[in-house]
Amino acid sequence: MKGLKIYNTLSGKKETIKPLKKGRINFFVCGPTVYDYSHIGHARTFVIFDAFAKYLKERGLKVFYLQNITDLDDKIIARAKEKGVLPKDLARVFEKEHLKNMKALKVDSVIKYARATDYIKEIISQVKRLWAKGYAYEIKDDGIYYNISKFKKYGKFSGRTVIQAEDSVSRIDYSKDKKNRGDFCLWKLSSIEEEPSWKSPFGKGRPGWHIEDTAITEKFFGAQYDIHGGSRDLIFPHHEAEISQMEAISGKSPVAKYWMHTGFLTVGGQKMSKSLGNFITINDFLRRHPANYLRFLIVKNLWRSRLDYSESTMIEIETITEKIEEFIIKVKSQKSKVKSSSKNSKIIKQFKTDFYKQLDDDFNTPKAFAIIFEFIKKANEFITKNLISKKEAGDIYKFFEKINDIFGIIDFKNIKNRKIIPVEIKKLSQLREKYRNEKNWQKADEIRQEIEKQGFVIEDTSSGPAVKQG
């Protein structure tokens with residue numbers, strides 16, 4: 001891939017992406033554990049990687065985007081007991097909800113969703129090979145554990161071997177009989193009839209958390225592949241464990257050439273927590289705002305930086321979205337008989353070049369969007385002065401469609417038949433809001449009626465009045 005650089009957690013620096021196979025990217029992202037509704041933190045990760053996969057395709061690469069679904073672990077079993085249902089049934093319900101959320105957010109670049117329980121044979125195969133190579137040991141009546149002291153490079157990826165505050169802690173690996181504090185479970189033995197389990201050479205049981213990802217990626221990609229993505233909290237111990245497992249099995253390094261980790265999402269400056277009352281599911285968000293607003297919030301921020309969510313930020317997103325939509329409507333409505341000019345062609349070409357240049361540099365969406373806003377400002381001046389031809393307007397419109405194919409920030413279907421809200425109508429809306437604030441309801445209602453006579457309706461929302469076509 002010519003010129004596309006990305007920050008690689010493995011090396012700690014930006015690197016040019018060079019596919020292992022010419023013209024093809026094998027791309028794996030850690031998926032959800034389906035024991036509850038997905039939240040906007042999950043959305044942050046999956047929307048970013050969806051946009052990134054689409055950008056790779058836009059730049060001419062074939063992308064096989066694979067994502068696992070953890071449909072069995074301690075959390076799922078515990079929640080199923082609370083609800084009085086089978087773990088499998090609980091997992092299927094929340095898997096369906098998650099996929100429904102992804103569809104609403106237009107996260108549609110994933111080629112394959114792989115459930116962990118569909119790859120038990122592959123998981124057992126990996127545990128057997130780790131055992132045969134001396135990397136695994138048994139704790140009686142407990143399970144098969146990975147011995148981290150046998151893998152000399154353990155800790156190199158994250159730069160540590162101990163849990164920290166914001167890590168996503170490993171599951172099924174607590175035992176006083178472990179050889180090393182950081183050893184983790186590969187296969188959990190189970191004697192409880194109600195719990196899901198499978199026969200294996202080690203005894204009846206179920207997979208540990210880390211082993212499912214390497215079993216799934218080896219099945220589809222082999223021992224090595226191009227890109228592994230996930231949230232920042234998975235760096236340790238989850239991704240450290242994945243590396244130690246797969247590289248111990250294959251003897252090949254690295255298992256993934258590039259590692260990408262999305263930054264944390266906070267709400268009002270704090271970590272999301274049900275106890276703090278700031279826990280927002282994707283369903284919660286979609287009840288309040290359009291799906292493309294969440295995509296816009298996510299993609300306009302740098303993928304590996306912390307992102308803070310607040311309702312005031314969503315007002316800003318709404319305003320920006322409306323400005324872009326207005327511009328697109330103006331461009332689509334352009335019927336000027338002015339001839340195309342070399343000056344305009346150069347400006348449009350430079351806009352495209354600058355836009356791609358920013359995305360090629362660590363998928364820098366903040367700078368790419370700054371290029372978009374600057375172009376809109378310049379193009380609006382030309383449109384106002386009737387200096388853009390119909391052909392040039394069509395070229396701009398098609399490029400914005402292409403931008404939207406990657407980012408999904410504008411509802412093109414919704415704006416295709418919309419007209420620009422006239423300045424006079426906007427002024428009437430502002431005047432009506434002034435009268436409403438003064439509690440002069442009669443005057444406010446008279447203005448509302450005048451707005452409706454001119455073919456528009458006004459809706460009072462939590463973020464202020466919204467004018468739409470009638």
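**Charged pairs in a predicted model**

R436 is partly exposed, with a relative accessible area of 26% (partly exposed lies between buried, under 20%, and exposed, over 50%, with a 1.4 Å probe and protein chains only). The model is predicted, so local features need pLDDT of at least 70 and side-chain atom pairs pLDDT 80 or more, while totals for chains, interfaces and linings use all residues. Residues are numbered from 1 along each chain as its sequence is written, and side-chain values use heavy atoms, without hydrogens and water.

R436 and D460 meet through their side chains in a salt bridge, at 3.6 Å from N to O (a side-chain nitrogen of Lys or Arg within 4 Å of a carboxyl oxygen of Asp or Glu). This pair links distant parts of the chain, 24 residues apart: R436 belongs to helix α14 (residues 423-437) and D460 to strand β15 (residues 456-461). Helices (H or I, at least four residues) and strands (E, at least two) are DSSP runs, numbered from the N terminus. D460 is also partly exposed, with a relative accessible area of 42%.

Another salt bridge joins K434 to E438, with 3.0 Å between the closest N and O atoms. K434 is partly exposed at 42% relative accessibility, and E438 is partly exposed at 47%.

In a further salt bridge, R59 pairs with D360, and their closest N and O atoms are 2.9 Å apart. R59 sits in the loop between α1 (40-58) and β4 (62-69) and D360 in helix α10 (residues 342-360), so this bridge ties together parts that are 301 residues apart in sequence. R59 is partly exposed, at 32% relative accessibility, whereas D360 is buried, with a relative accessible area of 10%.

Salt bridges can also form a network, as they do among D50, K54, D108 and R295. The count of salt bridges in the protein comes to 35. The protein carries 89 positive and 61 negative side chains, where Lys and Arg count as positive and Asp and Glu as negative, with His and the chain ends left out. The centres of the two sets lie 6 Å apart, each charge being placed at NZ of Lys, CZ of Arg, CG of Asp or CD of Glu.

The chain as a whole has 470 residues, of which 53% count as buried. Its secondary structure comprises 15 helices and 16 strands, and the C-alpha trace spans about 80 × 55 × 30 Å along its principal axes. Of the contacts (heavy atoms within 4.5 Å) with a separation of 6 or more, 75% are between residues 24 or more positions apart.
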